[in-house]
Amino acid sequence: RCVRKGFRTEENLLHARIPTITLRDSRSKCTCDVTMHRPLPLFNTRLLQTYAHVEPYVMMLSIAVKRWAKEAGFSSTRYGFISSYSWTLLTIYYLQV
């Protein structure tokens with residue numbers, strides 16, 4: 001179903017501690033992780049949606065920071081770096097202090 005909507009499978013980690021499939025949108029080139037039977041990511045998403053609703057620039061700045069981290073090689077949790085979600089939380093923290 002996702003393929004018909006313009007997504008393609010970027011990475012398939014079905015045997016990881018938390019099984020994850022990474023999808024990439026063909027138009028925007030944005031990626032997203034899909035997990036099964038894990039409610040915590042839903043709460044994380046709602047939290048980020050709330051921040052984006054309160055201040056729309058949060059989303060744009062977070063995307064810029066995550067792209068910078070990825071291009072600089074600082075975004076792969078597989079190699080001991082913090083996750084994309086953590087970069088977003090750091091951005092929000094920076095805006096709050």
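In the predicted model, strand 2 and strand 3 (residues 31-35) run antiparallel and are joined by 5 bridges. One of the residue pairs across these strands is Leu23 with Cys32, the latter lying in strand 3. The hairpin of strand 2 and strand 3 has 5 residues between the strands, and within this hairpin Lys29 adopts a positive phi near 65°.

Strand 2 (residues 20-25) also pairs with strand 1 (residues 7-13), again in the antiparallel sense, over 6 bridges. Leu13 is placed opposite Thr20 of strand 2, and Glu11 has Thr22 of strand 2 as its bridge partner. Together the pairings give an open sheet of 3 strands in the order 1-2-3, with antiparallel pairing. Strand 1 and strand 3 are the edge strands, each pairing on one side only. On average, neighbouring strands of this sheet are turned by 25° against each other, direction ignored.

Thr22 belongs to strand 2. Its relative accessibility is 11%, and Thr22 therefore counts as buried, the cut-off being under 20%. When neighbours within four places in sequence are left aside, Thr22 is in contact with Arg8, Thr9, Glu10 and Glu11, and also with Thr31, Cys32 and Asp33. Of these contacts, Glu11 is the residue that has Thr22 as its bridge partner. Cys32, also in contact with Thr22, is itself the bridge partner of Leu23.

Val58, Ser62 and Ala69 are buried in helix 2. These residues cover an arc of only 30° around the axis and therefore lie on the same side of helix 2. The buried residues of helix 2 pack against helix 1 (40-54) and helix 3. On the face turned away from the buried side, helix 2 carries the exposed residues Tyr57 and Glu71. Gly73 follows helix 2 and has a positive phi, near 85°.

Aromatic residues were considered next. The count of aromatic pairs comes to 3. One of the pairs is formed by Trp68 and Trp87, with an edge-to-face arrangement, 5.8 Å from centre to centre and 85° between the planes. Trp68 lies in helix 2 (residues 57-72) and Trp87 in helix 3 (residues 84-96), so this pair ties together parts that are 19 residues apart in sequence. The two members of the pair fall into separate accessibility classes: Trp68 is partly exposed, with a relative accessible area of 48%, whereas Trp87, with a relative accessible area of 16%, is buried. Trp68 and Trp87 also belong to one aromatic cluster, which they form with Phe74 and Phe81. Helix 2 and helix 3 are thus linked by the pair of Trp68 and Trp87, and helix 3 is also among the elements against which the buried residues of helix 2 pack.

Terms used
Residues are numbered from 1 along each chain as its sequence is written. This is a predicted model: local features need pLDDT of at least 70, side-chain atom pairs count only at pLDDT 80 or more; totals for chains, interfaces and linings use all residues. Side-chain values use heavy atoms; hydrogens and water are left out. Rings of Phe, Tyr and Trp (its six-membered ring) pair if their centres lie within 6.5 Å; planes under 30 degrees apart count as stacked, over 60 as edge-to-face and the rest as tilted. Helices (H or I, at least four residues) and strands (E, at least two) are DSSP runs, numbered from the N terminus. Buried means under 20% relative accessible area, exposed over 50%, partly exposed in between (1.4 Å probe, protein chains only). Two strands pair if DSSP finds at least two bridges between them. The arc is that of the directions from the helix axis to the C-beta atoms. Contact means heavy atoms within 4.5 Å. Axes are lines fitted to C-alpha atoms, for helices over the stretch in contact, and angles run from 0 to 180 degrees between N-to-C directions.
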